[in-house]
Protein chains: 2
Amino acid sequence: MTLPLKDRFDLPEGMIYLDGNSLGPLPKGVGAAVQSVIAKEWGAHLIKGWNDCDWMDQPARVGTRVGRLIGAPAGSVVMGDTLSIKVFQAVSAALALRPDRRVILSDSGNFPSDLYMAEGLIALKDAGYELRIVEPEAVADAIDREVAVVMLTEVDYRTGRMHDMAAVTDTAQNAGAVMVWDLAHSAGAVEVDLTASGCEMAVGCTYKYLNGGPGAPAFIYVRPDLVDTVTPFLSGWLGHAAPFAFDRSYTPGKGIERMRVGTPPVLQLAALEQAMTVWDGVTMAEVRAASLILSERFIAEVEARCSQLTLLSPRDAARRGSQVSFGFDNGYAAMQALIARGVIGDFRAPNVMRFGFTPLYLDVGDVIAAVDTLQDVLDRRLWDKPEYRAVGRVT
Amino acid sequence: MTLPLKDRFDLPEGMIYLDGNSLGPLPKGVGAAVQSVIAKEWGAHLIKGWNDCDWMDQPARVGTRVGRLIGAPAGSVVMGDTLSIKVFQAVSAALALRPDRRVILSDSGNFPSDLYMAEGLIALKDAGYELRIVEPEAVADAIDREVAVVMLTEVDYRTGRMHDMAAVTDTAQNAGAVMVWDLAHSAGAVEVDLTASGCEMAVGCTYKYLNGGPGAPAFIYVRPDLVDTVTPFLSGWLGHAAPFAFDRSYTPGKGIERMRVGTPPVLQLAALEQAMTVWDGVTMAEVRAASLILSERFIAEVEARCSQLTLLSPRDAARRGSQVSFGFDNGYAAMQALIARGVIGDFRAPNVMRFGFTPLYLDVGDVIAAVDTLQDVLDRRLWDKPEYRAVGRVT
């Protein structure tokens, strides 16, 4: 497949979108697909839609499509809830696999919500658990025999720094810990091989590189040999072995189905299922190769033309995900000026200008045009204008 | 307002829909509203939609609309997740309010998922908690000083039997227990006054009587005087006091916002927000009055004409929600025969034929026509036909 595949997206005219790491753009056909579910399925079948229209199978069916992009076999991934809930579900199940240990190890590069969910889980268990947070570089050394679960986001949301999934998983497992990966900035961005890594569990979201739309559901993977033994503490009826038997007590379902909780978000899943068609015929190897061409070029152009900025991402492409971040003290205002000119990146405190590279809908011409605009903003000190300095909400 | 308001819905021609207690029908305008969010908001604003299109405020904004129907003040209800997750969130927070007690009291009329979530919570806490399940009639007597939380669904999903919310809440609170109500079969069906009841927390779903569509998000209410002290153990970033500060540790947000967890399902919320407009100008008092006219008439007609069926719902209208259930040993097949003839109710094991009455889109003529069909199915013993006896999936 020759990338990009811009014609698979409805991209706004005149916008260079470097924020697919926050929310992917609208794939073609999503509107029609959702419309069809609303009018022809819900509107016409009503309650019968659960059977007639295969809504009940949607979480596993879409999960298998996501699985292909992250090296997970069919039937090992299921969709549902939000990433924060799936983190809670994975880590709580993981702790139960190591009842004699009390430490959840994570790093300062993890997305805060993952840390918050672990905090909440520890407070809820109220049994001497500890969330130990180290610097990303110190993770391997910090994995000792106290650690029950290593919980990491593979690609750092601020800098794009990427863990070595296979190596960290090995280290964790050699120390007897359970490995849980958050693939929020990995799925659809970099090559992931969950099976090869041997990790026990993984979770991720689908509104970033998978273009599922705002509020698209999360996914969870459990290693197939383990799935029938993990305990889903968020034991909702749709994870029950026989949800419609309405038993009074919980019996977990077979396979990954047990990680379902409540009623699936049919409309969001319909949007996502259509969005997944943009990956038809695409391999993650070619996406990754194209992504590195874009990000390497971006770094080279920025460093050649925008000396005000300092690279915060790893220079070694192999240690970097699909985004590039530069530090700049006036980064917030500079980003607002860029956005006003149609180059959409985002800003993370305190000084991070973040740019995501998504080769499904970006090419080298876009990269060069984006740097042209960036250079202009910097050279003309547009970040000094009051309208860009006013701090609004930052999503 | 004169009910019904059939023109506010897109109802299939020739169908009498008595299953709004499972999944409400499609309100007019939902397709267009969702389409607009997809094409004009997501498609055009992309990441900027979070600010430009007020997606971030949607959970509380829609929550306030739901709150009006359940006697909850503006700002005390927020949308998100699924009902099962919200049950977990409410009960876990409630337990923390009574740290010296170890019993969650519920009843056999509760929806199984609520019981399963409590089971999972107890297993997760692993600290001697107990889920005590009694018969619905025995709840009041079972509330003693061991009970930390009373967790009940107001209206029984099988029979429509309704608890006396005010009285049970009083009994619970007099014994020092925290009261959590599940309003799945109440919100939009019966008059609920959360404020008057004084209950600490309530949860519910929006795909039944609130017509939010398959997978519509749940809601949670916390009594305003308590909300700033409850602990959200599902402590996701959007419940944080400053989500975009990306602090490393969790600080709960102000008010009901702390009960948010992850990224809200924007498309589902857009559908729900539009669906809530069917309640414009409608009071729950008139809905309840109309609902009782329908259900009383249904009971009278069935009992006069269908002697094969036995009323399972309370005969006293004041003790019954907005549904009526009849017992019939061949109920599964009889319901399939009814459905094949365009009268949509549903079946719950072992013998429950369930009919929901929703005066927004049903009138007495529908009730009589439904009973005509039911009588025909029974008199002609159509439930004996093999095509109706084959057991498929029951949703």
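Start at the salt bridges between chain A and chain B: two are found across this interface. A salt bridge here is a side-chain nitrogen of Lys or Arg within 4 Å of a carboxyl oxygen of Asp or Glu. Select Glu135(B) and Arg248(A); their side chains form a salt bridge at 3.9 Å, N to O.

This is a predicted model, where local features need pLDDT of at least 70, side-chain atom pairs count only at pLDDT 80 or more, and totals for chains, interfaces and linings use all residues. Side-chain values use heavy atoms, without hydrogens and water, residues are numbered from 1 along each chain as its sequence is written, and chains are lettered from A and ligands numbered from 1 in the order written.

**The chain A–chain B interface**

Now show the whole interface. Here 84 residues of chain A are in contact with 84 residues of chain B (contact: heavy atoms within 4.5 Å). The buried area is about 7,300 Å², and carbon and sulfur atoms give 68% of it. Buried area is the accessible area (1.4 Å probe) that two parts lose on being put together, summed over both.

Next, select helix 5 (112-125) of chain A, one of the elements that each supply at least two residues to the side touching chain B. Helix 5 gives the largest share of that side, eleven residues. Helices are DSSP runs (H or I, at least four residues), as are strands (E, at least two), numbered from the N terminus.

**The axis**

**Inside chain A**

Colour domain 1 (6-27 + 283-389) and domain 2 (54-279) of chain A. These bounds come from an automatic or database domain assignment. The domain centres, taken over C-alpha atoms, are 29 Å apart. At their interface, 30 residues of domain 1 are in contact with 26 of domain 2. About 2,300 Å² is buried there, 60% of it from carbon and sulfur atoms. Pick Pro27(A), Met284(A) and Arg319(A): they supply 24% of the area that domain 1 buries against domain 2, more than any other three residues. Zero salt bridges are found between these domains.
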